[in-house]
Amino acid sequence: MAKEKAISAPEDTDPAGGGLSYKDAGVDIDAGNDLVSAIAPIAKSTTRSGVASNLGGFGAMFDLKAAGFKDPVLVAGTDGVGTKLMIAGAAERHDTIGIDLVAMCANDLVVQGAEPLFFLDYFATDKLDVKTGRVIIEGIAEGCRQAGCALIGGETAEMPGLYAPGDYDLAGFCVGAVERDGILTGADVREGDVILGLGSDGLHSNGFSLVRRVVEHAGADYAAPAPFDAEVSLGESLLTPTRMYVKSCLTAVRAGGVHALAHITGGGLVENLPRVLPANLGAVIDGAAWPVPTVFHWLQSAGNIAPDEMLRTFNCGIGMAVVVDAGRAKALGQVLTEAGEAVWVIGRIEPVDGAETVTIVNGEAAWRS
């Protein structure tokens, strides 16, 4: 998705003859053009109503009216994948990391009731490998399809000297919209509301600096079978992509009775739920209400990590918290289940008097095998 257009570059000049070229400095414009050509049909496969420009222009356009909005408010978010990229490099597997990128952004938009509309990516590396770049962008496109948004632009940058050979970084930018009268702010949350937890697909994209320390401490091998799942390698298991909650959560919101959503990322339930709770209200979470996936049990045991540290670093099996009207909890649980989610009642909203807005009971019990 480079901004560069396909151009006719002069032949490389021999430095001994007195001239240098951009390619001599480590930047291959032709490789960038090749990647743009390779990914154009991939990006086109994500198109949706409202897209009003083609890939390759200086800017991308989106028509909100054509997308069906009447009185929209835009919601935007940006994120990256963090050091999970280092595990992708170590495992030499790059096909799912793009899904992580989109999910980390799109899941943040849906918590405000917004429908993701379009996505732009930033891919930076030391030296562009067209084959690897295409695999990464294919993953981003798959993430966009899962979220229902269009991949309408981005940037690819070669920066020799800034990145070590083989290293790369990814960032993403997602824009969505919600009708003004449908914005979720958390203001409707009230005492007695039920908290539904939606199951995660593992680690998602947070806490990987600690994950890598545990792997190193345990002397584990990314290519070997996972200590907690012999059917896949450790690298494959850790690279399981972030679950996309967009379509299921929008379905629930449109069904009525959803008062707030919280994407459970870095900080876990303890730090993310308070972001959507009004003053003087808190959450009481039953830590034994859902099965903690085996990857978290292995990390906790292999790293001798305290349960409280696990709960404030990782999602520990709950990737999205849905605060709902108590009278609608059963019906909304069914809606979410039919949309493909694993759903548990994990807590309730109660008044609080003090700084601690999330209390987890049975937290220790959740880690007993």
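Which residue meets Arg254 through its side chain in a salt bridge? In this predicted model, the views below take up that pair along with other parts of the chain.

**View 1. A network of salt bridges links Arg48, Glu115 and Arg254.** The side chains of Arg254 and Glu115 meet in a salt bridge, with 3.7 Å from N to O. This pair links distant parts of the chain, since Arg254 belongs to helix 7 (residues 246–255) and Glu115 to strand 2, 139 residues apart. Arg254 has a relative accessibility of 60% and counts as exposed. The side chain of Glu115 also meets that of Arg48 in a salt bridge, where the N to O value is 2.7 Å. Glu115 lies in strand 2 (residues 115–125), while Arg48 is found in the loop between helix 1 (29–44) and strand 1 (72–80), so this pair ties together parts that are 67 residues apart in sequence. Arg48, at 17% relative accessibility, counts as buried.

**View 2. Glu236 and Arg93 meet through their side chains in a salt bridge.** The N to O value for this pair is 3.7 Å. Because Glu236 lies in helix 6 and Arg93 in the loop between helix 2 and helix 3 (97–110), the pair ties together parts that are 143 residues apart in sequence. Glu236 is partly exposed, with a relative accessible area of 37%, and Arg93 is likewise partly exposed, with a relative accessible area of 27%. A search of the whole structure finds 12 salt bridges.

**View 3. Helix 5 (residues 208–218) has buried residues and, on its other side, exposed ones.** The buried residues of this helix are Phe208, Val211, Val214 and Val215. They cover an arc of only 110° around the axis, and therefore sit on the same side of helix 5. These buried residues pack against helix 2 (84–91), helix 6 (234–238) and helix 9 (294–302). On the other side of the helix, Arg213, Glu216 and His217 are exposed. Helix 5 is followed by Gly219, which has a positive phi, near 65°.

View 4. Strand 8 and strand 10 (residues 318–324) run antiparallel and are joined by 5 bridges; Ala262 has Ala321 in strand 10 as its bridge partner.

**View 5. Cys174 and Cys316 are buried cysteines in a structure where a search finds 0 disulfides.** A disulfide is a covalent bond between the sulfur atoms of two cysteines. For Cys174, the closest cysteine sulfur is that of Cys149, at 4.5 Å, which is too far for a bond, given that a disulfide is counted for sulfur atoms within 2.5 Å. Cys174 counts as buried at 1% relative accessibility. For Cys316, the closest cysteine sulfur belongs to Cys249 and is 19 Å away, also too far for a bond. Cys316 is buried, with a relative accessible area of 1%.

Note on methods. Residues are numbered from 1 along each chain as its sequence is written. This is a predicted model: local features need pLDDT of at least 70, side-chain atom pairs count only at pLDDT 80 or more; totals for chains, interfaces and linings use all residues. Side-chain values use heavy atoms; hydrogens and water are left out. Buried means under 20% relative accessible area, exposed over 50%, partly exposed in between (1.4 Å probe, protein chains only). Helices (H or I, at least four residues) and strands (E, at least two) are DSSP runs, numbered from the N terminus. The arc is that of the directions from the helix axis to the C-beta atoms. Contact means heavy atoms within 4.5 Å. A salt bridge is a side-chain nitrogen of Lys or Arg within 4 Å of a carboxyl oxygen of Asp or Glu. Two strands pair if DSSP finds at least two bridges between them.
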